[in-house]
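Biologist: I would like to learn how to read a model like this one feature by feature, with the general idea stated before the particular case. Could we take a helix as the place to begin?

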Amino acid sequence: MTFDDIDGHMAIDFVRNGFRFVDEQIVALEKLIKQDMQQEGDSWFFGYADYFAGIGFVAGQRYITSVCGLFKLRKREALTLGPEFVPEISYANLINASANYWKHSDEWNFEKLNDLQEATRTVIESAGVTVGATEFVAYNMFYRLKLPGFKELIPVLTTWSNAVSESVG
């Protein structure tokens, strides 16, 4: 039995609706960004796009947390499972790291990262996204994943949750 069957589809429905909302906002913002870039050569809407991408990653992280909680599997173990974006770095790990970065980066001292912050930075940078105080990390990660929208992460998350389910047998 899959996580979504056990959960009654509540978590996957939440993330599906969250992704739909985020995708709609990013599409609208990208139209404004395109206009600004043509007229001004830059756009202050990039910051808003980063916030919405961050919300998308947090919605995905919530699904990941629900799966780990139901199957009583430590998140650290679970994040190694499922489809990989790059060798040894799963999509689930990138979603989780991107969400954590977006939620907590304002607290970071980029001159002296603690162990958890350093681990988060390492995961994000393994995907080719630069981490820094002035970087739009969530938005850049969204594009690095090369998906037309967050909704395309639904099958990835479902495949990951099935791998978690199988791992606990």
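This is a predicted model: local features need pLDDT of at least 70, side-chain atom pairs count only at pLDDT 80 or more; totals for chains, interfaces and linings use all residues.

Biologist: Which residues of H7 are buried?

Modeller: The general idea comes from the geometry of the helix: an α-helix has 3.6 residues a turn, so residues three or four places apart point the same way. In H7 the buried residues are Val-137, Ala-138, Tyr-139, Met-141 and Phe-142. Just after H7, Lys-146 takes a positive phi of about 55°.

Biologist: Which residues does Ala-127 touch, leaving aside those up to four places away in sequence?

Modeller: A contact of this kind is read from heavy atoms within 4.5 Å. Ala-127, which sits in the loop between H6 and H7, touches Phe-85, Leu-94, Met-141 and Arg-144 once residues up to four places away in sequence are set aside.

Biologist: Is Ala-127 buried or exposed?

Modeller: The limit to apply is that buried means under 20% relative accessible area, and exposed means over 50%. Ala-127 has a relative accessibility of 0% and therefore counts as buried.

Biologist: How should I read a pocket, and what volume does the largest pocket have?

Modeller: A pocket is read from its volume, from the residues that line it and from the elements that supply them. The largest pocket holds about 330 Å³ of space, and its lining is made up of 13 residues, of which Arg-76, Leu-79, Asn-93, Asn-96 and Ala-119 lie nearest its centre. Helix H4 (75–78), H5 and helix H6 (115–126) each contribute at least two residues to that lining, which by class comprises five nonpolar, five polar and three charged residues.

Biologist: Asn-96 lies among the residues nearest the centre of that pocket; is Asn-96 buried or exposed?

Modeller: Asn-96 counts as buried, because its relative accessibility is 7%. Asn-96 belongs to helix H5 (residues 91–104), and, with residues up to four places away in sequence not counted, it touches Gln-61, Ile-64, Lys-75 and Leu-79. Of these, Leu-79 also belongs to the group nearest the centre of the largest pocket.

Biologist: What lines the second largest pocket?

Modeller: The second largest pocket, with a volume of about 250 Å³, is lined by 15 residues, and Asp-50, Ser-105, Asp-106, Ala-133 and Glu-135 are those nearest its centre. Helix H3 (45–71), H5 and helix H7 (137–144) each supply at least two residues of this lining, and the largest share, three residues, comes from H3. By class the lining has eight nonpolar, four polar and three charged residues.

Biologist: How does the chain as a whole read, and in what order do its elements run?

Modeller: The secondary structure comes to eight helices and two strands, and from the N terminus on the order is α-α-α-α-β-β-α-α-α-α. For overall size, a compact globule of 169 residues would have a radius of gyration near 15 Å, and the 16 Å of the chain agrees with this. The C-alpha trace spans about 55 × 35 × 25 Å along its principal axes. Buried residues make up 44% of the 169 residues, and, of the contacts with a separation of 6 or more, 67% are between residues 24 or more positions apart. The accessible surface comes to about 9,300 Å², and 54% of it belongs to carbon and sulfur atoms.

Conventions
Residues are numbered from 1 along each chain as its sequence is written. Side-chain values use heavy atoms; hydrogens and water are left out. Helices (H or I, at least four residues) and strands (E, at least two) are DSSP runs, numbered from the N terminus. Buried means under 20% relative accessible area, exposed over 50%, partly exposed in between (1.4 Å probe, protein chains only). On a 1 Å grid over the protein atoms alone, a cavity is a set of points where a 1.4 Å probe fits but cannot get out, and a pocket is an open set with protein on both sides within 12 Å along at least five of seven lines; lining residues have an atom within 4 Å of a point. Grid points are joined across faces, edges and corners, and a volume is the space filled by probe spheres set on the points. Ala, Val, Leu, Ile, Met, Phe, Trp, Tyr, Cys and Pro count as nonpolar, Asp, Glu, Lys and Arg as charged, and the others, Gly among them, as polar. The radius of gyration is taken over C-alpha atoms; the globule rule is 2.2 Å times the number of residues to the power 0.38. Accessible areas come from the Shrake-Rupley method with a 1.4 Å probe; for residues, only the protein chains shown count as cover.
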